[in-house]
Every structure is written in C-alpha cells, then in structure tokens.
Amino acid sequence: MILGFGYGFLGSVLYHGYLSPSDQVSNLWKNHPQELTMAITSIATVLSVTTATLFTISMKEALRHRISRPISLVQLSAGVALTKGTTILRPEYFRLTTLTLFVFGVLRLLTAGWTTLLTPVYFSLPINMQGYELDITGTAFSSMLFNEYKNQGYADIRDDAFEVLDIGGMLSGISAAGQTYGLPGTFNFNGVKYNISTQGIVPTINEYSGSHATPGPNGTRLGFSGGNVAVNTRPVPGNRTSLPLPQGFSRNYSMLQQGLTATINCQAIGSSDTQYTLNTNNSEVVYANAAAALNNSLAGLRLWNIVGNCGANTPITQNYVTMVDASGNANPSSGFLPSIVCPGPMNLSQIATNFTILSQGFDKYSFLGPSVCEVTPLLTTVRADYSNDLISSEIISSTPFQSENVQLLSFVAGVAKFQSISSQGLVSSTIGDTLFSIYSSTTTTTIGDNLGNQTVYKELEEYWRGVVEFSATFLRSGFMVVNSFPNNTIPVELQSPVNGTMYISTIGWTQRSATYLPAVIPSTILTILTFACALYSILRNRGYRTTFDPSNTLHLIMASAAGSLTLEDFSKNGIINNEDVRVWLDESEKDDETTKKFVKVD
C-alpha cells in the first residue's frame, strides 16, 4: 500500500506533468518553509519506518522457517543482521556481506527517498499560448488605412494637418537614443512599460495591456489617444490534464509576434553632394520689439523657410519660427535644428520602401552639420518577453517593405515629419537637446570634435529608430483598442497569429525533476524483498508454528545452550570453522513443555 501510494503519486505527476496545491496553500508553504520542511520530513520518516518495520517482520518470519532446516551459523548471523538492519563484514563470505551491506544502504536511503519524493519544489510551469493580433503587413490593412485617411479628412499622410500623435514618439526617441551609450531606459506608453523602445509591438497579454479606459467615439484608430487595447491570446492547456492552472507567485511570458523597426544610416552631406541639399538661407525677421528689454516682453521672431531637395529636383519646404532679439540675432544659448522628411526614396524610379530625413543644426546645435538619414523600415517577427511589468523584445527575423506597404510607409514617414516639426520650439529643439545632453553626460570629449560627430550620428539613428517603432505601436494600439472593431474582434483577413509560452512560477511537483524515479527505488527494492520473504514463509509454512524469535539474542543463547552446542574457541581458525557449522532448530513438546534447541548437523 505504501509503495502503491508512492507510485500513484509519481504516476499522477508524470501523467499530468505537474501537481500544484491551491494558491492559498502555495502561499502558505512559501511563507513557512521551516514548518513545511519539518512536516515533510516527519511524513517521510513515518513512511520509511513503517516500510522498514514491515520488512523486518517479514524477514524475521522467513528466518524462523529457514532455521527449521539446516543452516550455517554465518548464514544465520547474516539473517539476524538483516532483521536488525545491520551488516556482517566477512570478506570470506562476499555474497552475504554484500547482501547485508546492500539492505543496510537501502534502509538508510528510505527516509531520503521519501523526503525527495514528497518535498515540493519551486518550478516554472510552461503553458502554450495562442491567439492573434492586428496584421499591418498586408493589402487588407493598407486598404483600411487609406480609407481611414479619407475618413479623417486627410488626402495624404503628408498633409500639414496631420497631428494624431502626442509626445510619445519624442519620448520613445529619447529612450532609444540613450542606448547609444548603454544607458538603461524604460519607455511608457498607454500604461505599458517597454525596455528602451517598443520594437513596434503592442501587448498581447492581458496583465500587460496597460490602460483599462474605454475610448470615446473619436478615440480609436487614427484618433487614438489612449485606452484599453483588446487582447486575443489565450492559454492552451495540455491534452492530458484537467487540472486548473495555478495563479502562481508570478507569471512571465515569451511571445512570438509581429513588430516593426528600421535600419537607419545617418551621415554628413558633403559640400559637393548634389543628391542631398538643404537650403537654410531663406529667413526673415517677422516681428521686432526694440522696447522688449524695458517691459520684459518678446523681442523678436524669425520665420525660416527650409527647403530640402527630395530627388529629381523635387523641393519640399518646411516653415519654422524661432525667437531672436530686436536685431534679428539668436540668443547664444538657444538652438535651431530644422529637418525635412522626404516621404519616399530619393530615386523616384524605386519602389517606395524607405524615406529620407535631412537635418542641420545651428547655434547651440552647430555640432550637427548638414546631415542625411536614410530610413528603411522593416517588418519583423520579435520574441517579446513579458516579465516584472516590463516588455523586452528581440528581433528574430525581418523583411523590407513591399509595394503593398506604401500606405504604412506614408504613415511612418508622416510620424517622423510630425516629430521633426513639433520637436523644434522657439528657442530649442528636443532632438538637439537629446543629442547634446546624452553625449555630454556620458563622455569627456567635446561634442563638436570629429570623433564625437560619428557618435552623434549614431545617437540620431537611434532617436529616429525609436520614433519609427513607436509609430507602429501607436498604429496597432489605435486599431486594436476596444470599440475599434465590432465586438472587439479583428476580421480574419486582418489577423496575424501570436504564439508563445506562459511560465507560471509556483511550488509543487513536476515531471521534469530527474530525482523522482530514483527516489522510489529504495522503497521498491525493500517492498520486493518484503514480499519475497512473505512468499517464502507462506510456501514453507505447512502448519509450522513457532514462537522462536531469531532476532532476539536471548532466544539464540537459550537455543544454543539447550542443544549443548559445542563450538571451537575464539582463535582465528576457530571463528572460521564455527561459521561453517550447520545447525537447525529442533522444537519438541514434552509434558506441556516446549523445548527449542539448536542441533548440530553432522
């Protein structure tokens, strides 16, 4: 029965894959480890003592029957040692010595075996997760996005009126730029924390979905300004288990899902470069107040008409306004960093799969000369790890944009344009301040030297990568927020599969433990020996009954004395000769008295 309990318990663990108590009991065990250890050890001790006692009784009965037939004294000594759980150390009798040592070891391992089997361990329970999210890579989404442009009143994503994004892109760029120098960064958006940047994903796990607010009628899709992003991912329990999933102490997730990033290459525009040009010479003072110093008012404003060549002599103009003094001169502590976003490739014969950003810094940002950044967005598959309320992503594979992604490219380029405009204020630029402050706070070199420029370009690349990745997260969030689709169900043609694993940290027993099977071996061996002894006793019984206890030293002395058993002395040869003496227990009754004596076999 005890062995059945052990194998039944082990079988349940192997069949279900794990056994875990209720969450209340799990927390109790976690908070009271010493009490748990004492309880498990006590139970293991009781089971091992019970098993050992049954073996001792069975062995004693078998030995009672065995001594009714001739047996050597060394064999009798080995039998007595087995009933007491001790050993004989006689190299001359290797088999008997080995047998007693083996049983002795098994008996000593009983408690350890039961303790190992019954002691719960902390383990991570893997559960498959499946579901779907919004697929932004196909023609179905491209068509829907184009229709949304029209619904919002935009003829084209490059329209100046495009302002559906908040400062999230800027904050994402700042966080990503800090990675250039290994600065840790956490980017927060819609109640979700991302490590460094979003990698273009949205949460696919309920616990990490962020805001639980319900957006208004105009707060979905391109009008998204925060809200509960619908999650369509569920656990897939194993086929052979009906056990409820434990809540566990914590839950971590590793999911394969769709993302978006960009490879960006920023470099200086050479003086002889005709492909990339940025004209910053067209500006005028549109407001001047000579008396500003007397009444502490605004002294002046300068209007800039920045013109960039976006290929095939296609100019794009962007206007900026900066603060100046009454003479039209900028304050030495101010900075101006204009940017022009060319929404497609410089070579108009190419498929629109990338875009270009032209920039130049002035005054405080003069360390950044005329520069060009080639931005090539990539559709990715990422492994998103959800742990400790933070989402970290790793790119598994990537593919460039195709012709069906033109609308998506326009959106990403439009977000970059919006950031390039909104980042520049009257006296400073967020982009310029980011480049300057991160560099200055992490290095000892001057930001304007040649070596520094190379690092600044790396910063700029990371900044725009953060903006691009945020644009995809914003877009997915807007279309996956509740009320974006009827019944919050994404149409099949817009679904992208999501797969992964949930890891539940809990306490209990799991089939992945390699010690469970060896743990039941001592009990198995002892149970087999117990049944073998019992079977021997049954087969040899044949009505034979005796009260003689061969494990009792007094009984052995009395039986030896009653039979006038004569042995040699304690010399070396005498002991060896005595061990080979064969005796048997003779029982007889006379006048209601039972005589038990060892009779020497000639």
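Author: What follows goes from the overall fold to single residues.

Author: This is a predicted model, where local features need pLDDT of at least 70 and side-chain atom pairs count only at pLDDT 80 or more, while totals for chains, interfaces and linings use all residues. Residues are numbered from 1 along each chain as its sequence is written, and side-chain values use heavy atoms, with hydrogens and water left out.

Reader: How many helices and strands in the protein?

Author: There are 14 helices and 20 strands. Both are DSSP runs numbered from the N terminus, helices being H or I with at least four residues and strands E with at least two.

Reader: Spread out or compact?

Author: Spread out: the radius of gyration is 42 Å, well over the 25 Å from the globule rule for 602 residues, so the protein is more spread out than a compact globule. That radius is taken over C-alpha atoms, and the rule is 2.2 Å times the number of residues to the power 0.38. Along the principal axes, the C-alpha atoms fill a box of roughly 140 × 55 × 50 Å.

Reader: What percentage of the residues is buried?

Author: Buried residues are 47% of the 602. Buried means under 20% relative accessible area, exposed over 50%, and partly exposed in between, with a 1.4 Å probe and protein chains only.

Reader: And contacts, what share comes from residues 24 or more positions apart?

Author: Of the contacts with a separation of 6 or more, 72% are between residues 24 or more positions apart. A contact is heavy atoms within 4.5 Å.

Reader: How many charged side chains, positive and negative?

Author: The protein has 33 positive and 41 negative ones, and the centres of the two sets are 17 Å apart. Lys and Arg count as positive, Asp and Glu as negative, with His and the chain ends not counted. Each charge is placed at NZ of Lys, CZ of Arg, CG of Asp or CD of Glu.

Reader: Switching to strands. Which way do the residues of β13 point?

Author: In β13 (residues 339-342), S339 and V341 point one way and I340 and C342 the other, and all are buried. In a regular strand the side chains alternate between the two faces of the sheet.

Reader: What is β13 joined to?

Author: β13 runs antiparallel to β14 (residues 355-359), with 4 bridges between them. Strands pair if DSSP finds at least two bridges between them. I340 has L358 as its bridge partner in β14.

Reader: Where is S398?

Author: S398 sits in β17 (residues 390-400) and is partly exposed at 41% relative accessibility. Beyond neighbours within four places in sequence, S398 contacts L378, L379 and T380.

Reader: Which strand holds L256, and what does L256 contact?

Author: L256 lies in β7 (residues 250-268). Neighbours within four places aside, its contacts include V382, R383, I396 and P497. L256 is partly exposed, at 39% relative accessibility.

Reader: Is T83 buried or exposed?

Author: T83, in helix α4 (residues 73-84), is buried at 4% relative accessible area.

Reader: Which residue other than glycine has a positive phi?

Author: One of them is D363, with phi near 60°, in strand β15 (residues 362-363). N487 also has a phi near 60°; N487 is in the loop between α11 (450-480) and β18 (495-510) and is exposed at 74%. Most residues other than glycine have a negative phi.
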